[in-house]
Amino acid sequence: MGSLECVRFHVSKKRSRVKPELGSAFVKWKFGTMGEEVSVAWSQLDEKKFADIIKSNTESSGRSFWDELSVYFKNKKKSVLVSYYFNVYLLRCRAHQNWSDPSNVDSDDDELEKVGREV
């Protein structure tokens with residue numbers, strides 16, 4: 001109870017209930033392309049490479065990870081990369097930060113140099 005797998009199971013269960021209730025609005029409002037569902041289209045190797053690129057192109061290095069992501073993932077549109085970043089990568093970083101030190105949760109800490117190395 002409370003594990004990541006348990007949370008994913010319950011989210012998936014709720015999503016499967018909401019989809020028929022909303023009908024075409026589910027697709028129109030792009031509910032199928034948000035949250036952890038976005039990661040379904042990504043291989044573990046691609047997810048790891050995505051994280052590695054972000055970690056190696058920190059803000060303080062003066063390089064933009066978006067440029068390198070676009071070069072490495074030529075087969076993925078920019079919108080897919082952005083969606084994965086906000087719906088999966090950042091949420092996993094935040095979850096890891098919250099679970100690793102629940103007494104020191106800082107939702108204003110968006111510095112990926114710090115959070116990105118821990119994942």
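Asn-87 is buried, with a relative accessible area of 17%; buried means under 20% relative accessible area, exposed over 50% and partly exposed in between, using a 1.4 Å probe and protein chains only. The model discussed here is predicted, so local features need pLDDT of at least 70 and side-chain atom pairs count only at pLDDT 80 or more, while totals for chains, interfaces and linings use all residues. Residues are numbered from 1 along each chain as its sequence is written, and side-chain values use heavy atoms, with hydrogens and water left out.

The protein chain as a whole has six helices and zero strands. Helices (H or I, at least four residues) and strands (E, at least two) are DSSP runs, numbered from the N terminus. Of the 119 residues in the protein chain, 29% count as buried. Contact means heavy atoms within 4.5 Å. Among the contacts in the protein chain with a separation of 6 or more, 50% are between residues 24 or more positions apart.

Asn-87 belongs to helix 5, which covers residues 78-100. Apart from neighbours within four places in sequence, Asn-87 is in contact with Thr-33, Met-34, Gly-35, Glu-36 and Val-38. A polar atom of the Asn-87 side chain lies 2.9 Å from the backbone nitrogen of Gly-35.

Helix 5 also holds Cys-93, which is buried with a relative accessible area of 1%. The C-alpha atoms of Cys-93 and Ala-51 are separated by 10.0 Å, and the two residues are 42 residues apart along the chain.

The next topic is the nonpolar interior. In soluble globular proteins, nonpolar side chains tend to be buried together. A nonpolar core is a set of buried Ala, Val, Leu, Ile, Met, Phe, Trp, Tyr and Cys residues joined through side-chain atoms within 4.5 Å. The largest such core here has 16 residues, and Phe-50, Leu-69 and Tyr-89 have the most contacts inside it. Helix 3 (44-56), helix 4 (65-72) and helix 5 are the elements that give two or more residues to this core. Helix 5 supplies the largest share, six residues. Not counting residues up to four places away in sequence, Phe-50 touches Trp-42, Leu-69, Phe-73, Leu-81, Tyr-84, Tyr-85 and Tyr-89.

How do two of these helices meet? Two packed helices are described by the angle between their axes and the distance between the axes. Axes are lines fitted to C-alpha atoms, for helices over the stretch in contact, and angles run from 0 to 180 degrees between N-to-C directions. Helix 4 and helix 5 pack at an angle of about 120°, with their axes 10 Å apart. Helix 4 is therefore oblique to helix 5; angles under 35 degrees count as roughly parallel, over 145 as roughly antiparallel, 65 to 115 as roughly perpendicular and the rest as oblique. In this pairing, Phe-65, Trp-66, Leu-69 and Ser-70 of helix 4 meet Lys-78, Leu-81, Val-82 and Tyr-85 of helix 5.

Another part of the chain involves Arg-15, a residue of helix 1 (residues 4-22). A polar atom of its side chain lies 2.6 Å from the backbone oxygen of Phe-31. Lys-30 lies in the loop between helix 2 (24-28) and helix 3. Lys-30 is exposed, with a relative accessible area of 54%. Most residues other than glycine have a negative phi. Lys-30, although not a glycine, has a positive phi of about 60°.

Technical notes. Polar contact = N/O pair within 3.5 Å; in protein donor to acceptor, adjacent residues only side chain to side chain.
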